[in-house]
Amino acid sequence: MIQAPFPGGQILNKYSLKTAIPFSVLFLCVCIGLPLYLYHKGLSLVSAGVFVFMFVSTLLSITAGYHRLFAHRSYQASPILKALFLFFGAGAFQESCLKWSSEHRVHHRFVDTDKDPYSIKKGFFWAHMGWMLSKEDPKAPHPKDLKSDPLVRFQHRYWFPIGMISGFGLPLAIGWSLGDPWGGLFFGGPVRIFFAHHVTFFINSIAHMFGSQPYSTEGSARDSWWLAFFTFGEGYHNFHHTYPSDYRNGIRFYHWDPSKWLIQGLRMLRLTWDLKRTPEEVIVRKKVQNQFVHISLPKIQELEALRQKLYAELMARLDEFSQNKKAWIATKREMATQKITKAEHELEHELARLKEKIELNRKSYQESYDNWKQFLHYVQKQRMAA
Ligand SMILES: [Zn+2]
Ligand SMILES: [Zn+2]
């Protein structure tokens, strides 16, 4: 006798209960538990405070810690700071730092291909959380630099009990010491984990689907300021995929990027150093090259010639600036190793001359860049009028 297949069998084969159960429990906590709790007990100041503290500390440990420090090595940090990131990062319940970072490096290396663990080409849900629910193992090799860090190795081994302490024990203890233990536990535990989870997952889904691509259209990553607001700066994802080793994601001072501000602030306390920044002229060049390719001109003959002229002029000025900057850096290095006093004096002279040149080059490329921006503005106005 042929038996009808169990209807849920296919789903059980495809999805891992190890992740499906906790995700479902968190979902129920927020969809059913949260309204019931608020209806019966309301929101105490302690619950709200614990929620904010836990949300900020665990999410920053993921963005500035797991992501920018461990996955991208975009700056160096003291062991104390590393330990704090690993402690609170475990409480975010996004696996160990070693697993998270290894998978993230594979994501950058093979973005949008079958090897990308959370490829957006497999759909929004897959990129958001389907890949974690699936039984498929991304098989990301553990990089040597991370494996050799004893703190990272320790957290990889014990991340779950550490997470239970930082993610549940700590909010319970804070709530208890302030007179609302269950409120502290509920809001600082499951409710916070649910929201912090999805905010992080949005980087893999929304930031690869919606937003602008000012720097590169080679991959699916996109910039959006509103996503950056919820994700502590990670929403500037097009910039990040173009320059992943930059410790900043939002590069302008007004770009909402608390992870960047935290890393900068901790530098003053000497807890971070060697912050990697992409030189401004490199960013301008990439942005203008991208605009040059994608600009769509209205049908006015002279505009094409003007586009070519302004672009060529700006590129030439950027070249000149970069060359002199390189020469200045080389001379400075030479000076650091030079021991003869007379030659040192000559080098000092050379250094001052180059510095002057660089300043002039900077002014002239910025002037060209302003002309280019005015041109883009004019083209846009023409298109809107048409
Ligand atoms: Zn990405
Ligand atoms: Zn990244």
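1. Burial. Of the 386 residues in the protein chain, 35% are buried. The model is a predicted one, so please read each point below as a description of a prediction.

2. Overall make-up. The chain's secondary structure consists of 15 helices and two strands. Its C-alpha trace spans about 80 × 60 × 50 Å along the principal axes. Taking contacts between residues at least 6 apart in sequence, 68% link residues at least 24 apart.

3. Six residues from domain 1 and five residues from domain 2 make the contact. On the side of domain 1 that touches domain 2, three residues are nonpolar, three are polar and none is charged.

4. H3 against H8. Helix H3 covers residues 45-71, and its axis comes within 9 Å of that of H8, crossing at roughly 160°. An angle over 145 degrees counts as roughly antiparallel, and H3 is therefore roughly antiparallel to H8. The crossing of H3 over H8 is right-handed. From H3, the contact uses Val46, Val50, Met54, Thr58 and Phe70; from H8, it uses Val152, Gly167, Pro171, Ile174 and Gly175. Seven of the residues in the contact of H3 with H8 are nonpolar, three are polar and none is charged.

5. H3 against H9. Helix H9 (residues 181-204) packs on H3 at an angle of about 40°, and the two axes are 8 Å apart. This angle makes H3 oblique to H9. H3 passes H9 in a right-handed crossing. The H3 residues involved are Val46, Ser47, Val50, Phe51, Met54, Phe55, Thr58, Leu59 and Ile62. By class, the contact of H3 with H9 contains 12 nonpolar, six polar and one charged residues.

6. H4 against H8. How do helix H4 (residues 79-90) and helix H8 (residues 150-177) pack, and at what angle? The angle is about 50°, and the axes of H4 and H8 lie 7 Å apart. H4 and H8 are therefore oblique to each other. H4 crosses H8 in a right-handed sense. On the H4 side are Pro79, Lys82, Ala83, Leu86, Phe87, Phe88 and Ala90; on the H8 side are Leu151, Gln155, Trp159, Ile162, Gly163 and Ser166. The residues of this contact comprise nine nonpolar, three polar and one charged.

7. Phenylalanine 125. This residue sits in helix H6 (residues 124-133). Is phenylalanine 125 buried or exposed? It has 11 other C-beta atoms within 10 Å, and because a residue with 12 or fewer counts as exposed, phenylalanine 125 is exposed. Between phenylalanine 125 and phenylalanine 201 there are 9.9 Å in space, C-alpha to C-alpha, although the two are 76 residues apart in sequence.

Definitions and conventions: Residues are numbered from 1 along each chain as its sequence is written. Chains are lettered from A and ligands numbered from 1 in the order in which they are written. This is a predicted model: local features need pLDDT of at least 70, side-chain atom pairs count only at pLDDT 80 or more; totals for chains, interfaces and linings use all residues. Axes are lines fitted to C-alpha atoms, for helices over the stretch in contact, and angles run from 0 to 180 degrees between N-to-C directions. Helices (H or I, at least four residues) and strands (E, at least two) are DSSP runs, numbered from the N terminus. Angles under 35 degrees count as roughly parallel, over 145 as roughly antiparallel, 65 to 115 as roughly perpendicular and the rest as oblique. A crossing is left-handed if the near helix is turned anticlockwise from the far one by less than a right angle, and right-handed if clockwise. Two residues are in contact if their C-beta atoms, placed from the backbone, lie within 7 Å. Ala, Val, Leu, Ile, Met, Phe, Trp, Tyr, Cys and Pro count as nonpolar, Asp, Glu, Lys and Arg as charged, and the others, Gly among them, as polar. A residue is buried if 20 or more other C-beta atoms lie within 10 Å of its own, exposed if 12 or fewer, and partly exposed in between; C-beta atoms are placed from the backbone.
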